[in-house]
Amino acid sequence: MYETENDLPEKRRAKLNALMNQRLASAVDLQTQLKQAHWNVKGPSFIGLHELFDKVDEAVESYVDQIAERIVQLGGIAEGTARVAAARSRLHEYPLNIADGLAHVTAVSKALGCFGEEVRESIQEATALEDADTADLFTEVSRGIDKWLWFVEAHNQATK
């Protein structure tokens, strides 16, 4: 931990940084999964899904940046390399052998849903650590993930 004039106690900041680095790993993984879908989607809904996955990726990139910057604000080190993300992410492995648009919709929906669950847990953990700012950051991320999950899932819901 780096020294900072931030008034949160160092022990609490260390716990918050561990929490946020765990979410950062999953967020980086989510971002790469979205790119995998964006690059490899095929089928009659290609252009719509290709563009949607790219928009979701852009939003997730923003969440990655916000989480990483909050870590550093609290005196920590944002550990966001691909290798760290691969080792720590709690998301399921993205299926590499799919091309069909609806298969990607299902895989992306599962990734967004899993990440959304992690983020909601993080809101509670940050609240328990008495850091309203970090809880608020995760609340913002949660709202965004839920919105994007809705946009993606809508492509499968009409068929049910």
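This is a predicted model: local features need pLDDT of at least 70, side-chain atom pairs count only at pLDDT 80 or more; totals for chains, interfaces and linings use all residues.
I begin with the packing of two helices. Helix α2, residues 46-73, packs against helix α5, residues 132-157, at an angle of about 170°, and their axes are 11 Å apart. The two helices are therefore roughly antiparallel to each other. On the α2 side, the contact residues include Leu49, Phe53, Val56, Val60, Tyr63 and Arg70, and α5 contributes, among others, Leu137, Val141, Ile145, Trp148 and Phe151. By class, the residues of this contact divide into 15 nonpolar, four polar and four charged.

I turn now to the salt bridges, of which the whole structure holds eight. One of them joins Arg70 to Asp131, with the closest N and O atoms 3.1 Å apart. Arg70 belongs to helix α2 and Asp131 to the loop between α4 and α5, so this pair ties together parts that are 61 residues apart in sequence. Arg70 counts as buried, at 8% relative accessibility, and Asp131 is likewise buried, at 3%.

A further salt bridge links Arg120 with Asp146, again with 3.1 Å between the closest N and O atoms. Here Arg120 lies in helix α4 and Asp146 in helix α5, 26 residues apart. Arg120 is partly exposed at 36% relative accessibility, and Asp146 is partly exposed at 35%.

Finally, I consider Leu24, which sits in helix α1, residues 10-40. Leu24 is buried, with a relative accessibility of 2%. Beyond its neighbours within four places in sequence, Leu24 contacts Val64, Ile67, Ala68, Ile71, Ala78, Glu79 and Gly80. Of these residues, Glu79 also meets Arg88 in a salt bridge, at 2.5 Å from N to O.

Key. Residues are numbered from 1 along each chain as its sequence is written. Side-chain values use heavy atoms; hydrogens and water are left out. Helices (H or I, at least four residues) and strands (E, at least two) are DSSP runs, numbered from the N terminus. Buried means under 20% relative accessible area, exposed over 50%, partly exposed in between (1.4 Å probe, protein chains only). Contact means heavy atoms within 4.5 Å. Axes are lines fitted to C-alpha atoms, for helices over the stretch in contact, and angles run from 0 to 180 degrees between N-to-C directions. Angles under 35 degrees count as roughly parallel, over 145 as roughly antiparallel, 65 to 115 as roughly perpendicular and the rest as oblique. Ala, Val, Leu, Ile, Met, Phe, Trp, Tyr, Cys and Pro count as nonpolar, Asp, Glu, Lys and Arg as charged, and the others, Gly among them, as polar. A salt bridge is a side-chain nitrogen of Lys or Arg within 4 Å of a carboxyl oxygen of Asp or Glu.
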